[in-house]
Amino acid sequence: MLSALAEVQSFRPPARAPLYTAYVNPQPARAAAPSMLLAVLDEVNHGLVLVTEAAEVAFANRVARRDCSADRPLHVDGTRLRVTRSADRDALLRALTAASLGRRTILTFADASGDMSVGVVPVGAGQAAGDAVALLILGRRGHGEPLTLQFFAQTHHLTSAESGVVSALCEGLRPTQIAARSGVAISTVRTQISSIRQKTQAKSIGHIVRMIEAMPPIAAAQGVPASLAMGRLAD
């Protein structure tokens with residue numbers, strides 16, 4: 001009989017084993033139209049782009065098209081996925097090839113507008129040529145995005161002044177710095193923070209920030225259509 005240690009050492013996970021197994025009810029899954037699934041991605045307040053191994057864009061949600069503007073190192077222009085530098089293009093293509101083999105990659109594109117981190121996650125390894133093989137997950141541009149702060153303020157019935165204080169706290173500013181920037185007394189800011197804590201049941205300033213960071217990434221109610229025509233990567 002093998003010892004416990006030998007049993008562990010003899011175990012080998014299957015090749016390309018998934019990190020988790022999602023629950024799928026086959027009846028609704030078969031009935032769900034692809035357009036509905038794309039609409040779901042469009043409701044996520046996080047940049048998501050589905051691409052093929054040849055770097056053709058199968059889909060980009062509203063946030064991705066917003067964050068991949070013309071002045072960014074990675075740009076979705078509606079028909080093509082563009083990169084600013086040829087070196088970034090080569091790195092992206094290598095990452096897409098790795099995704100087709102089931103490997104994950106994190107890329108960082110940098111230019112005058114700032115760094116842009118992109119996770120390249122395999123989603124269709126082994127599928128037919130032309131199918132999407134990777135999901136590009138765009139890194140957040142900063143803590144406390146405006147839409148998230150707006151939802152937080154509405155949920156907890158914060159005043160406009162209190163919303164401004166929360167935004168400043170998410171930037172990492174201290175109460176004294178917030179008071180100086182707003183041109184008010186420090187006692188006013190402290191009163192506002194006390195009101196925010198009472199309305200949100202937060203135990204501290206750090207707790208307020210963590211509450212915002214933990215909010216679900218729900219996209220805006222209005223925006224551009226979900227679907228995007230197929231396009232090809234271009235310099």
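Which strand is A132 found in? A132 sits in strand β7, and that strand is a handy place to start a tour of this predicted model. First, though, a quick overview. The protein chain has 10 helices and seven strands. Of its 235 residues, 35% count as buried. If you take the contacts between residues at least 6 apart in sequence, 58% of them join residues at least 24 apart.

Now back to β7, which covers residues 132–138. Five of its seven residues are buried, so the strand is largely enclosed by the rest of the structure. A132 itself is partly exposed, because its relative accessible area is 21% and buried means under 20%.

What does β7 pair with? One partner is strand β1 (residues 48–52), which runs antiparallel to β7 over five bridges. Another is strand β6 (residues 116–122), also paired with β7 in the antiparallel sense, over five bridges. Look at L136 in β7 and you can see both pairings: V49 stands opposite L136, and L136 is also the bridge partner of V120.

Leaving out residues up to four places away in sequence, L136 touches G47, L48, V49, V51, L74, L81, L92, L96, V118, G119 and V120. In soluble globular proteins, nonpolar side chains tend to be buried together. Here, the largest nonpolar core has 25 residues, and those with the most contacts inside it are L74, L92, V120 and L136. The elements giving two or more residues to this core are β1, β2 (57–60), β3 (74–76), β4 (81–83), α5 (86–100), β5 (105–109), β6 and β7. The largest share, five residues, comes from α5. Apart from this core lies another one, of 19 residues, with A153, L158, A179 and V209 among them.

Is H156 buried or exposed? H156 counts as buried, because its relative accessibility is 19%. Not counting residues up to four places away in sequence, H156 touches K199, T200 and M211.

Helix α7 itself spans residues 160–170, and its buried residues are E162, V165, V166, A168, L169 and C170. After the helix comes G172, whose phi is positive, near 95 degrees.

How does α7 sit against helix α9? Two packed helices are described by the angle between their axes and the distance between the axes. The axes of α7 and α9 (residues 186–200) come within 10 Å and cross at roughly 90 degrees. The two helices are therefore roughly perpendicular to each other. On the α7 side, the residues that meet α9 are A161, E162, V165 and V166. Their counterparts in α9 are Q192, I193, S195, I196 and K199. Sorted by class, this contact has five nonpolar, two polar and two charged residues.

Conventions
Residues are numbered from 1 along each chain as its sequence is written. This is a predicted model: local features need pLDDT of at least 70, side-chain atom pairs count only at pLDDT 80 or more; totals for chains, interfaces and linings use all residues. Side-chain values use heavy atoms; hydrogens and water are left out. Buried means under 20% relative accessible area, exposed over 50%, partly exposed in between (1.4 Å probe, protein chains only). Helices (H or I, at least four residues) and strands (E, at least two) are DSSP runs, numbered from the N terminus. Two strands pair if DSSP finds at least two bridges between them. Axes are lines fitted to C-alpha atoms, for helices over the stretch in contact, and angles run from 0 to 180 degrees between N-to-C directions. Angles under 35 degrees count as roughly parallel, over 145 as roughly antiparallel, 65 to 115 as roughly perpendicular and the rest as oblique. Contact means heavy atoms within 4.5 Å. Ala, Val, Leu, Ile, Met, Phe, Trp, Tyr, Cys and Pro count as nonpolar, Asp, Glu, Lys and Arg as charged, and the others, Gly among them, as polar. A nonpolar core is a set of buried Ala, Val, Leu, Ile, Met, Phe, Trp, Tyr and Cys residues joined through side-chain atoms within 4.5 Å.
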